[in-house]
Amino acid sequence: MGPATPAHPGRPHITELRLSAFAGHRRVVLPFGRLTLLAGPSGSGKSSALRAYEALARLGGGAVLGEAFPDLALCVPDWARPDAQNRRGFRIGCTADGPAGPVRLDLAVQAEPGLRIVGERLTSGGLVLLETALRDPGKRVVQAAWHTAGPTPVTRGPLPDDRLGTALLPLRVAGRTPGQRKVLAAAEQMVVALRSVFACDPEPARMREPVPAGPGRLLGDCANLAEVLWRTRTECGRRHARFVAAAGAGCAGPVTDVLAEEVRQDGVGAVRAALDRGDGVRTDLGRLGDGELRYLALSLVLLTGPGVLAVDPAGEVPAALQTLTVLADGLDGALDPLQRRELLGLAAAMCERGHIRLVGAVSDASWATGTEGVTVVHLDRD
């Protein structure tokens, strides 16, 4: 299936991920629709593609390189040979579409002998809006040049070599000339498109036990599912009713409600969740199978948003102009055919509304054939 026409094109969103040299990828371009499945066998690079996307999102949110790439051994290609200065690294990039039109970001990162950005380029319509380069390896800065289009066509200045220059531009560019405003619009579009990302891979083994009551923001492993249900069940009746309907469609036996209740565990207050079967019969979530737990967690992710998920949205941008992107590794893991079909239908419906996008990694996407709005990208072992 080809890329789907995006709903609500005015909201900034990522349309393409480029892995020029990252992990096992070389010159790979991944197109994204509003609901994208990365399909391929084990070792084809699905997880590393999601890891690159998540790293770019963290950089867009202001993280330093070490936070975005905590394990460099998983980033540098095995085939990358050191240069004369014993340097090795990787290259990634993406394209964001929105009101400013397609904007490209390309990043070159040195991993050895020290972690730093050695080159960054932001372009729109073939025009270079920002370009950085490492001029003096002895200094922890890169030399940056950004488009001005005034009496001085280019403005130059140093930027730190451990942060994304694009995310820093709104603090450096005054916006007085048409050129500066073009730079700001492109940089802000890229940052907003990248910022709101929730990476998740539910771990059933961690979802079975009661959990301490907390702020009710869902973690990436969904271990605190019960705590989040305690919060969301009373926040929005319509959303909870839809979640209950999804639970009934994907779990064995009748489901009339999904409950969270307070319990004592080792003398400490905690929260556990259960399926209400009707007539006073309840099934603790700890007794459900792995597939049922993953299905419930992923359904809840799709039906909530930045206020419930542990993400850092762009607070300076109205929620109506933002899109949350869910990165789901092993989307089909432990799910039976019915659960896969129900989850995909829910994802397609939620993505069609425009407030959420999904990139999921699956081993095989043949079961998604014929689902409207789904983009399937096939990855193969090299």
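In which loop does proline 113 lie?

Guide: This is a predicted model, and what follows describes that model. Proline 113 lies in the loop between β5 and β6.

β5 covers residues 103–112 and pairs with β6 in the antiparallel sense, over 8 bridges. Together β5 and β6 form a hairpin, with 3 residues between them. To find the pairing on the model, look for glutamine 110, which stands opposite arginine 116 in β6. Strand β6 itself runs over residues 116–124 and is mostly covered, since 7 of its 9 residues are buried. As a rule, side chains in a regular strand alternate between the two faces of the sheet.

Glutamate 112 counts as partly exposed because its relative accessibility is 33%.

Now follow the chain along β6 to its other neighbour. β6 also pairs with strand β7 (residues 127–133), again in the antiparallel sense, over 6 bridges. Here serine 124 stands opposite leucine 127 in β7. The hairpin of β6 and β7 has 2 residues between the strands, and in this hairpin glycine 125 takes a positive phi near 60 degrees.

A positive phi also turns up in residues other than glycine. Cysteine 222 has one, near 60 degrees, and lies in the loop between β10 (197–200) and α5 (225–235). Cysteine 222 is buried, because its relative accessible area is 0%. Aspartate 279, which is not a glycine either, has a positive phi of about 55 degrees. Its place is in the loop between β12 (268–278) and β13 (281–284). With a relative accessible area of 82%, aspartate 279 is exposed.

Aspartate 201 lies in the loop between β10 and α5, and it is linked to arginine 294 in helix α7, 93 residues apart. Their side chains meet at 3.0 Å, N to O. Arginine 294 counts as buried because its relative accessibility is 6%, whereas aspartate 201, at 33%, counts as partly exposed. A further salt bridge joins glutamate 235 to arginine 239, with the closest N and O atoms 3.4 Å apart. Glutamate 235 is partly exposed, with a relative accessible area of 43%. Elsewhere, salt bridges that share partners join Glu16, Arg18, Arg104 and Asp106 into one network. The structure holds 19 salt bridges.

Arginine 294 brings us to helix α7. The axes of α7 (residues 290–303) and helix α8 (residues 337–352) come within 10 Å and cross at roughly 5 degrees. Angles under 35 degrees count as roughly parallel, so α7 is roughly parallel to α8. On the α7 side the contact is made by Gly291, Glu292, Tyr295, Leu298, Ser299, Leu302 and Leu303, and on the α8 side by Gln339, Glu342, Leu343, Leu346, Ala347 and Met350. Sorted by class, this contact has 8 nonpolar, 3 polar and 2 charged residues.

Helix α7 also lies across β10, β14 (324–328) and β15, running at about 155 degrees to β15. These strands belong to an open sheet of 5 strands with parallel pairing, in the order β10-β14-β15-β3-β16. β10 and β16 (374–378) are the edge strands, each pairing on one side only. From one strand to the next, the twist averages 15 degrees. Within this sheet, strand β3 (residues 35–39) pairs with strand β15 (residues 356–362) in the parallel sense over 5 bridges. To locate that pairing, find threonine 36, which stands opposite valine 359 in β15.

Terms used. Residues are numbered from 1 along each chain as its sequence is written. This is a predicted model: local features need pLDDT of at least 70, side-chain atom pairs count only at pLDDT 80 or more; totals for chains, interfaces and linings use all residues. Side-chain values use heavy atoms; hydrogens and water are left out. Buried means under 20% relative accessible area, exposed over 50%, partly exposed in between (1.4 Å probe, protein chains only). Helices (H or I, at least four residues) and strands (E, at least two) are DSSP runs, numbered from the N terminus. Two strands pair if DSSP finds at least two bridges between them. Axes are lines fitted to C-alpha atoms, for helices over the stretch in contact, and angles run from 0 to 180 degrees between N-to-C directions. Angles under 35 degrees count as roughly parallel, over 145 as roughly antiparallel, 65 to 115 as roughly perpendicular and the rest as oblique. Contact means heavy atoms within 4.5 Å. Ala, Val, Leu, Ile, Met, Phe, Trp, Tyr, Cys and Pro count as nonpolar, Asp, Glu, Lys and Arg as charged, and the others, Gly among them, as polar. A salt bridge is a side-chain nitrogen of Lys or Arg within 4 Å of a carboxyl oxygen of Asp or Glu.
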